[in-house]
Amino acid sequence: MASAMRDGESERPALQVSSLHAGYDKLAVLSGVNLELSRGEWLALLGPNASGKTTLLHCIAGMLIPSAGSIVICGHALRKDAMAAKRQIGFGCAPDRLPTLLTGRQCLEVYAAAKSLAAIDAEVLELAEQFAFTDMLDRFVGSYSLGTRQKLAVLLALLGEPALVVLDEAFNGLDPASALVLKKHLRARVSAGRCGVLLATHALDVVERYSDRAALLLDGRIARQWSTEELAALRAMPGEGLEAALAAAAAVS
Amino acid sequence: MPRASPLPAGIPRLLARRPHLIAAWLRWRNAYRCKRARVLGGAALVVALAVGMAAAAPTGGLLQRLAASPAVTFALSACLFGLSAVHRQARLRGEAATSWLAALPVAGSGRLRLALGLIVGLLAAVCFVGVAWAAGRITEPTASLLVLLTTAGALVGSLAGWRLQGRAAAGAPGWHYAMVRRARRRWATAPSLAPLSYWPVAQARIFSRPRTTSVVVLIVLLAIPSGSHDVPGQVAIAVAAGSITFFTLLALSAAAVRVAGDAARWLAPTTIRLRSFIAAYVWRVVLEQAAVLGVVIFLACAVDYPHALRAGMALSCTYLATSCAAASGACVWACRRVGLGTASRGC
């Protein structure tokens with residue numbers, strides 16, 4: 001029965017966001033966002049600074065209550081069944097939100113326990129090894145550099161085989177070798193249909209080479225979306241490609 | 001033609017060349033403007049509580065006792081102001097290294113800010129004594145003596161704290177004071193929430209800085225002219241030990257309240273239950289406080305202090321219950337803010 005339920009869950013979209021409105025006190029940040037993401041899909045969320053990318057991710061992670069609209073994660077409405085919805089999410093928190101007075105190992109242990117995991121995934125530990133992070137495990141997070149904190153944030157997000165991986169600027173501060181390891185790792189997970197990845201980013205190379213789709217968030221709403229085919233066409237174009245397409249979409253909006 | 005000032009209107013002239021003070025001033029002003037009712041209400045509540053306490057009959061008795069033991073009063077004042085100076089200077093050093101204004105070619109106004117802290121603290125103490133005198137709880141000579149002793153203790157303590165911190169390593173980050181615990185063998189195969197409790201305890205060590213605190217207390221003890229004011233040396237030692245105990249307990253409680261928000265925010269995307277979070281977060285803080293109180297009661301019993309066990313147990317239980325309630329309350333409030341442990345989340 002459990003496997004049947006799991007099969008059912010895997011058929012549902014990893015994420016459905018409908019008419020989402022959110023903000024802080026009187027400041028409206030999101031006004032009617034609609035978004036859908038399946039397992040086996042990598043969606044890049046683009047947009048200028050202060051366009052609402054992080055706010056949208058915080059709403060999806062259940063950290064911010066939207067003023068209207070709905071968020072459904074693998075068939076579970078965040079509003080009605082937050083626990084079931086959160087069980088499917090792997091959220092990469094901002095590096096400065098990590099606990100500076102715990103060690104990396106303690107962070108992994110506490111986070112895994114908080115997600116009710118029986119054990120820390122061997123795959124995550126292997127990724128830590130590939131990140132050359134293992135030597136840092138027994139040091140305080142407060143002593144980590146930005147890139148090292150970013151690695152830890154990503155490792156925490158990937159704990160427990162989440163069906164939806166939500167990352168905010170996850171490649172910021174990562175050295176090129178580690179960034180490549182992470183891109184390949186995420187791509188492998190997505191291609192195997194194990195999860196959907198929602199990545200807020202300004203790194204257009206990631207969008208062009210690794211993403212399946214892209215969405216542009218402008219003034220709190222999705223102004224433009226690019227399908228897999230459109231991204232492939234942009235990739236094939238000589239010159240500025242996606243950069244020019246983004247500028248054009250922003251100008252139209 | 002007068003040069004236009006880049007400063008916002010309403011900045012006092014005294015602050016014009018002190019960007020660190022301007023930034024602090026603006027921060028306070030913005031907080032006041034945004035949350036005027038809350039700030040005024042909070043201030044009124046604090047003032048009302050302080051006035052109520054100062055005018056209460058038991059406070060009069062306590063102040064009379066303090067005036068009758070000048071050395072103890074002096075030591076207490078020196079301890080409090082010394083530790084306050086140490087903490088303020090440590091915070092200023094930390095800010096000097098990490099502040100957004102750190103790269104400016106101007107002084108950080110550290111001495112002025114330290115002096116301001118001393119003046120504000122001293123004024124508060126003097127006002128407290130003044131209210132007790134105005135309410136008729138203490139006589140004028142007693143009030144004058146208390147003000148004199150508090151001021152002398154504040155000056156000596158602040159100077160000692162200032163000198164002491166001045167010799168300490170500059171800009172040591174907070175985690176420098178925390179201890180790395182040995183990892184459990186089964187950390188990866190059977191993860192546990194237990195390490196979460198290390199966080200508030202480590203923060204408490206940062207707050208209390210045991211090494212610095214012990215040296216401050218030693219200096220204050222050496223400064224006490226034991227016996228010359230009819231106060232035996234063991235009383236002075238007991239006061240110093242009591243102060244250390246009090247600050248250790250207070251640091252643990254303050255850390256538990258202070259860190260709860262960060263911990264809840266970090267774990268917000270997980271499925272941890274509210275009760276599990278509170279239990280995992282609070283237990284070690286309470287355990288450490290219970291251990292400290294237990295040692296104090298044991299020592300008090302060992303020197304045959306009358307009613308040590310009964311009074312100590314009652315006071316300890318009250319303190320532990322209050323501390324536990326405060327930490328749990330902070331956890332609940334923080335969890336509600338970020339939606340941790342809630343079954344439903346949304347509009």
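**A first look at chains A and B**

Hi everyone, let's begin with confidence: chain B has a mean pLDDT of 83, and 85% of its residues reach 70 or more. That matters here, as what you see is a predicted model. Within chain B, helix H10, residues 274–302, has the highest confidence, at 92, while helix H8, residues 210–223, has the lowest, at a mean of 66. For the model as a whole, the scores are ipTM 0.88 and pTM 0.80.

Now, how do the two chains meet? On one side we have 37 residues of chain B, and they are in contact with 42 residues of chain A. Two elements of chain B each give two or more residues to its side of that contact: helix H7, 198–208, and helix H9, 233–267. Of these, H9(B) gives the most, with five residues. If you sort the chain B side by class, you get 24 nonpolar residues, 10 polar ones and three charged ones.

Keep H9(B) in mind as we turn to the inside. The largest nonpolar core has 156 residues, and those touching the most other members are A:Ile73, A:Leu164, A:Val166, B:Ala256, B:Ala260, B:Ala264 and B:Cys331. Here again H9(B) gives the most, with 14 residues.

Leaving aside residues up to four places away in sequence, B:Ala260 touches B:Tyr281, B:Ala327, B:Ala330, B:Cys331 and B:Ala334.

Over to chain A, for a sheet. Four strands make an open sheet here, ordered S2-S1-S4-S5, with antiparallel pairing. At the edges are S2 (27–37) and S5 (76–77), each pairing on one side only.

Let's walk through the pairs that S1(A) makes. With S4(A), residues 68–73, strand S1(A), residues 15–24, pairs over five antiparallel bridges, and A:Gln16 stands opposite A:Val72 in S4(A). With S2(A), there are eight bridges, again antiparallel; there, A:His21 stands opposite A:Ser31.

Two residues lie between the strands, and A:Asp25 takes a positive phi near 55°.

Technical notes. Residues are numbered from 1 along each chain as its sequence is written. Chains are lettered from A and ligands numbered from 1 in the order in which they are written. This is a predicted model: local features need pLDDT of at least 70, side-chain atom pairs count only at pLDDT 80 or more; totals for chains, interfaces and linings use all residues. Two residues are in contact if their C-beta atoms, placed from the backbone, lie within 7 Å. Ala, Val, Leu, Ile, Met, Phe, Trp, Tyr, Cys and Pro count as nonpolar, Asp, Glu, Lys and Arg as charged, and the others, Gly among them, as polar. A nonpolar core is a set of buried Ala, Val, Leu, Ile, Met, Phe, Trp, Tyr and Cys residues joined through C-beta atoms within 7 Å. A residue is buried if 20 or more other C-beta atoms lie within 10 Å of its own, exposed if 12 or fewer, and partly exposed in between; C-beta atoms are placed from the backbone. pLDDT is the predictor's confidence in each residue, from 0 to 100. Two strands pair if DSSP finds at least two bridges between them.
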